[in-house]
Amino acid sequence: MGGSVLVGLDGTGNSEPAVRWGAEEAAVRHLPLRLLHSWVSQPWSVSLVPEDADRRRYGTEVLRRAEAVARDLHPGIAVEVEHVAEEAADALADRSGESTLLVLGSRGHDDIAGFLMGSVSLRVLGRAECPVVTVREEESAVGPGPEVVVGVQETDTEGDALLAYAFTTAAVHRADLHAVRARAPAAAGDAEAASAAAEREVLVASLAPWCGRYPDVRVIEEVVGDRAVPALLGASSRAGLLVVGRRTHRTPMPLGPVVLALLHHSRCPVAVVPRG
């Protein structure tokens with residue numbers, strides 16, 4: 001995979017976990033790290049400062065601190081800093097096309113309005129051309145740890161981008177991959193058992209080509225008789241990363257209710273992967 005690992009910074013407390021996560025991804029994938037800050041899209045308290053020069057100085061300090069964090073964690077990685085006079089959502093979405101991965105920080109679980117409702121992160125997530133990982137400010141881990149969970153609902157080529165990212169991530173981090181397929185519960189008894197078996201066959205078949213490409217990745221297949229959101233939240237309760245897909249041409253809600261719910265309720269970082 002080419003391109004850099006791009007991290008969007010707003011200078012608040014939620015930026016540092018995203019920087020650390022991005023630096024780790026750049027190191028394990030042998031890619032450069034690109035840190036971006038928009039001085040015209042700064043936090044509310046800073047954006048009230050009337051002088052552009054002061055806002056630029058603030059942005060320069062944000063980037064300096066972020067670079068220091070990244071180099072302290074991985075001294076050998078290549079780091080590029082970019083200070084832009086574009087709206088943050090536009091700058092990040094535009095640069096996502098030349099990036100392997102985009103990492104965004106988000107506020108904690110109790111701040112509903114800040115992260116999910118009308119934020120820069122939400123607009124970027126709906127427009128990005130590469131996978132986007134959201135890392136909450138309380139996140140202490142750098143990387144997905146021993147297990148990556150991926151939701152597998154699409155079983156045709158539309159799911160290729162999702163599985164490519166999930167398998168690659170598990171491989172570079174030497175993590176297990178837990179593939180989850182949600183299904184509506186059938187009637188009890190033989191019908192329920194037959195439905196579960198049929199869905200498991202579908203899941204196994206969709207994973208088979210990727211298992212062949214990544215033989216060193218241990219894959220756990222699970223079919224859950226529940227709706228997608230509770231099934232994935234339950235599976236990811238002890239995971240380090242939850243990977244889900246989004247349709248690139250979905251309107252008027254680019255992310256859809258399932259992705260929004262997972263972003264809001266997941267206790268681990270979430271990677272949102274654009275697919276056809």
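**Chatting through a predicted model**

Colleague: I'm looking at R181. Which residue in β8 stands opposite it?

Modeller: V223 in β8 is the one facing R181. By the way, this is a predicted model, where local features need pLDDT of at least 70 and side-chain atom pairs 80 or more, while totals for chains, interfaces and linings use all residues. Residues are numbered from 1 along each chain as its sequence is written, and side-chain values use heavy atoms, without hydrogens and water.

Colleague: Thanks! Do β7 and β8 pair in the parallel or antiparallel sense, and over how many bridges?

Modeller: Parallel, over 7 bridges, with β7 covering residues 176-183. Strands count as paired if DSSP finds at least two bridges between them. Strands (E, at least two residues) and helices (H or I, at least four) are DSSP runs numbered from the N terminus.

Colleague: What order do the strands of the sheet come in?

Modeller: There are 10 strands, and they run β3-β2-β1-β4-β5-β10-β9-β6-β7-β8. The sheet is open and its pairing is mixed.

Colleague: Which strands stand at the edges?

Modeller: β3 (79-84) and β8 (219-225). Each has a single partner strand, so one side of each has no neighbour in the sheet.

Colleague: Switching to helices: which residues of α7 are buried?

Modeller: In α7, L162, L163, Y165, A166, F167, T168, T169 and A170 are buried, that is, under 20% relative accessible area with a 1.4 Å probe, protein chains only.

Colleague: Why does L163 count as buried?

Modeller: Because its relative accessibility is 4%.

Colleague: New topic! How many residues line the second largest pocket?

Modeller: It has 18 lining residues, with Q153, G245, V258, V259 and R275 nearest its centre. A pocket here is an open set of points on a 1 Å grid where a 1.4 Å probe fits, with protein on both sides within 12 Å along at least five of seven lines, and lining residues have an atom within 4 Å of a point.

Colleague: Which element gives the largest share of that lining?

Modeller: α10, with 5 residues. α9 (228-235), β9 (241-247) and α10 (256-265) each supply at least two.

Technical notes: Buried < 20%, exposed > 50% of the residue type's maximum accessible area, 1.4 Å probe, protein only.
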